[in-house]
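Welcome, and thanks for taking a look at this one with me. Please open the sequence and the structure side by side before reading on.

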Amino acid sequence: MIRTLWHEVAGLRGHVGWRELIGLPPWEGYRLTAKRLLNLYRVRYQYVTGSTAVSGMPVKLTIEPTSACNLRCPGCFTGIDEVGRTRGAMSLELYRSLLAELGDYLFELEFYNWGEPLLAKQLPIMIREAHERGISTTVSTNFSLPFDAEKAERLVTSGLTVLGVSVDGARQESYEQYRVRGDLALVLENCRLVTEAKRRLGSRTPRLVWEFHVFEHNHQDVELARQLARDLDMDICVSKGWNIGAEWNPGGEWQFFGKPRPVRCPFLWGFAVVNNDGGVSPCCGTFYSEDDMGRVSAEVGRSGATTFRDVWNGERFQAARGFYRRRDGSPQARAHVCHDCPNTVLHEQWREHRAAGGDARSFEVGFTMNDVVNYFWNRRPGRRQPAGEARRAAP
């Protein structure tokens, strides 16, 4: 088995570095325990060897506190009014059952996916309970909603580690082109409220991050945004925004937050996504319940209810992990969202490239994160019609 591990790592050299395999996770604010550390290396070993059945548990969890959102961003399923599952908030009972099962293994817990997390009234409670377990916590918000000093203090005292704020522009006329219905002045005022609450309470957290996605219509705002972020005591993260359809300015100065690499999908071995209704997604790219891997529930006696561990080692997760060994292209396999995922296909191409004697330097990926986003965007169950198109087609 040690020989197998060595050959796997050597074969991926240039794509997965040793630091990624042996270093601690980059997330800030977690409490390191022996149990977390042991599970981390178990997960990484199973990831490198490509195990389909796993004993390790996720080191990172993404949950959906609520699937509702107040904005209408055109590059978001929720923003265009698609309905992928029953809308609503995650119950505290479900959340607490997940925390009881996974909390000892988690380094980070993200409280956002396709909805606006600050619309969830129970969010500060959820954050505090994760923080008390020594888990790093992150929220990403559009922050264009009613907020006040009391709510700011509640968020700060919850123990939240990082508060990301999506602000794609430094002027209202550019900002609102993507953040449709958003109010830039309100967003900036809400950021000030959190900064002031941190100062009053003498807290270093949450760290505020201005998340700026660069598009053709707002790239001239970047420097002004950097100045505004400094004034608000915020860090700023600038990355290229994706388009639904053709990528804008390919090869230009702005880069996406990540580049596709021919490695196994980390979600299938170490990261997990649980939606508001308990549906477990294979990754954060999927939206529809039809693509879920299974479902967890806190309701005792509910038919079909399972623990997370049952889903994690269920048939659909094992099939997805197995695609990194062999994609047979059968109709049943192709129905699985992971079968034709660009990441799965890229890994297969990498294996074929290596088998033909190619090395890392001569391998070409051939697509960007914009193509990955469009794969998930275009994958809608056949019985559905995008809600926006349905409205436009109506007489």
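Here are a few points to guide a first look.

1. Please keep in mind that this is a predicted model.

2. The largest nonpolar core holds 95 residues. Within that core, L109, F111, F143, W210 and F308 have the most contacts. Helix α8, spanning residues 184-201, is the biggest contributor, giving 7 residues to the core. Apart from this core lies another one, made up of 6 residues, with Y30, L40, V43 and F107 among them. As background, nonpolar side chains in soluble globular proteins tend to be buried together.

3. Setting aside neighbours within four places in sequence, F308 is in contact with M57, P58, L98, E101, L102, A272, V274, V280 and V296.

4. Strand β1 (residues 60-63) is covered on both faces. K60 and T62 are buried on one side, while L61 and I63 are buried on the other. In a regular strand, side chains alternate between the two faces of the sheet. β1 pairs with strand β2 (residues 108-110) in the parallel sense, over 3 bridges. In this pairing, K60 stands opposite E108 of β2.

5. Finally, turn to the surface. I22, L24, L32 and Y41 form a nonpolar patch there, and together they have about 360 Å² of accessible area. L32 sits in the loop between α2 (18-22) and α3 (34-49).

Notes:
Residues numbered from 1 in each chain as written. Predicted model: local features only at pLDDT ≥ 70, side-chain atom pairs only at ≥ 80, totals over all residues. Heavy atoms only, no water. Core = buried A, V, L, I, M, F, W, Y, C linked by side-chain atoms within 4.5 Å. Buried < 20%, exposed > 50% of the residue type's maximum accessible area, 1.4 Å probe, protein only. Helix = DSSP H or I, 4+ residues; strand = E, 2+ residues; numbered from the N terminus. Contact = heavy atoms within 4.5 Å. Patch = residues over 30% accessible without salt bridge, like charges linked within 9 Å, V, L, I, M, F, W, Y side chains within 5 Å. Areas by Shrake-Rupley, 256 points an atom, 1.4 Å probe, with all protein chains shown as cover. Salt bridge = Lys/Arg side-chain N within 4 Å of Asp/Glu carboxyl O. Pairing = 2+ DSSP bridges.
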